[in-house]
Amino acid sequence: MKRSWFRYLLTGAVIASLLLPAGVGQAHDKLGDSVEKGVNYEELDYEFDGPVLEGTKNVKHLKEVAAVELEDHEDGYKTTMADVYAYKGFAYAGTHLTGNNANGGVHVYDLKDPSNPEKVSSFADEIPGTWQEKVIVKTVNTKHFNGDLAVVSVQQVDPGNEDSQGGFLLYDVTNPHEPERLGFWEVDKRTIGTHELYLTVQNGRPLVLAANPYTDYFTHGESKDFQMVDVSDPANPETIYEFDPRELEDVSEDFNGYHWEAPDGKTRPVFNHSTMTNEQGTLAYLSFWDLGTIILDISDPENPEFLSRTEYASDQQGSAHSSATAKGGNILIETREVYNPTKEGYEESYGYTRIFDIKDETDPKLLSEFKTDLVDNIEDGVTFANTVHDPKVRGNTLYLSHYAGGVYAVDITDPSNPEQIGQYQSEWADVWGVFVDRNYILASDMQSGLKVLQKNNRKNE
């Protein structure tokens with residue numbers, strides 16, 4: 001039986017009408033439906049008694065211990081929080097553009113006392129007209145650099161702005177109180193930049209996997225949406241590989257980088273939205289929207305090998321948004337960001353999660369599909385509020401960020417039978433990212449900032 005800590009219902013009229021003003025952030029798919037991220041609750045009249053946490057199993061004793069609001073930009077405009085990452089007791093929160101304003105940078109919080117996060121620095125806000133969604137931090141030891149390396153995605157608000165440039169920044173955050181810029185990797189100026197990325201260390205060699213949506217399309221195939229970059233020398237990042245979807249049997253040579261004539265007869269959107277690797281950094285998982293999650297063998301980074309991809313029923317929107325692995329890399333979690341639940345020719349549903357057996361990486365087998373209580377509320381119209389967003393896994397628990405749904409906790413002890421064991425919703429929930437670290441869970445809320453949920457038990461992970 002599904003159980004939740006706290007839930008409230010929003011009427012279709014409310015959600016459909018309460019989208020943030022134009023410019024808050026283009027939808028994914030940017031070239032498809034036009035809808036902004038974020039749910040505006042300013043006109044919503046409902047009573048709220050504070051977050052209620054009630055769950056079972058390993059989330060039974062979870063509680064909210066801190067809520068830190070993201071301060072306004074120094075120029076006076078509001079900045080919203082994007083994704084969040086934690087490393088060595090510090091939280092790194094990216095920012096999302098608001099209106100035509102940007103340059104919120106990355107905000108660093110000391111979590112020594114999780115009930116009282118202390119902001120200690122901010123960085124990566126120096127490139128005009130850009131926003132900084134994603135940050136990954138790992139320890140790197142090469143002949144050029146020894147310390148904690150942060151990579152930050154950089155996206156242009158307007159590629160027509162001659163002063164802006166997309167790609168990713170590299171920073172030394174060995175001392176998180178004083179981040180130091182090391183280098184910048186640039187994507188083709190004609191595209192928006194790097195949307196999501198991942199930093200892996202393969203046999204001591206640091207590699208950045210960059211998802212640069214629409215690069216293939218906007219450059220007419222000259223550059224590709226997925227690029228792998230050697231950052232052994234952070235001051236001189238070197239592109240070593242690009243993935244071309246035209247290498248796949250189901251993609252024609254005249255593919256224009258976005259409009260895919262799929263085997264089911266439909267024209268489907270294709271672009272690289274996100275990237276991940278396994279723990280060893282030998283397998284890459286590329287979220288390629290309606291082309292599915294692509295699995296590459298990158299054990300030889302200069303010469304990756306395509307292994308397989310996930311596929312969809314003809315009536316399913318693909319929308320492969322993000323991924324995570326579980327069970328020692330034998331299970332793949334795929335989240336699908338579907339925000340138009342009544343797209344002609346497809347099932348009526350918002351985005352939900354799919355779980356695959358990938359013990360044989362060349363043949364993913366669908367085990368189950370996990371749907372929350374929001375995904376069938378199609379009367380709410382075109383909105384991000386009801387779709388799943390990002391997955392994170394700790395042991396046998398899957399945590400899902402879910403915008404207005406907050407954070408869901410799902411028991412995947414049996415991946416073929418996932419069971420919801422909890423849900424966290426705070427006031428005006430609009431959760432972008434979730435991250436699990438030590439005995440706490442971080443949630444980045446676009447509306448209200450950083451939330452810290454602490455676990456009082458360490459058993460049955």
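I searched the whole structure for cavities and found two of 30 Å³ or more, a cavity being, on a 1 Å grid over the protein atoms alone, a set of points where a 1.4 Å probe fits but cannot get out. The grid points are joined across faces, edges and corners, and a volume is the space filled by probe spheres set on the points. The model is predicted, so I note that local features need pLDDT of at least 70 and side-chain atom pairs count only at pLDDT 80 or more, while totals for chains, interfaces and linings use all residues. Residues are numbered from 1 along each chain as its sequence is written, and side-chain values use heavy atoms, with hydrogens and water left out.

I then looked up the second largest cavity, which holds about 30 Å³ of space. Its lining consists of Gln317, Arg336, Val338, Tyr346, Glu347, Ser349, Tyr350 and Tyr352, where a lining residue has an atom within 4 Å of a point. By class I read four nonpolar, two polar and two charged residues there, with Ala, Val, Leu, Ile, Met, Phe, Trp, Tyr, Cys and Pro counted as nonpolar, Asp, Glu, Lys and Arg as charged, and the others, Gly among them, as polar.

Next I traced an open sheet of four strands, ordered E21-E22-E23-E24 with antiparallel pairing; strands are DSSP runs (E, at least two residues) numbered from the N terminus, and two of them pair if DSSP finds at least two bridges between them. Strands E21 (320-326) and E24 (365-370) are at the edges with a single partner strand each, so one side of each has no neighbour in the sheet. Within the sheet, E22 (residues 331-336) and E23 (residues 353-357) are joined by five bridges, and I noted isoleucine 355 in E23 as the bridge partner of isoleucine 333.

I turned to the largest pocket, with about 980 Å³ of space, a pocket being an open set with protein on both sides within 12 Å along at least five of seven lines. It is lined by 41 residues, of which Tyr198, Met276, Thr277, Thr325 and Val393 lie nearest its centre. Strands that each supply at least two lining residues include E11 (196-202), E17 (274-277), E21 and E25 (391-394). The lining has 18 nonpolar, twelve polar and eleven charged residues.

Last, I checked arginine 246, which lies in the loop between strand E14 (238-243) and strand E15 (259-261). Arginine 246 counts as buried because its relative accessibility is 13%, buried meaning under 20% relative accessible area (1.4 Å probe, protein chains only).

Conventions: Buried < 20%, exposed > 50% of the residue type's maximum accessible area, 1.4 Å probe, protein only.
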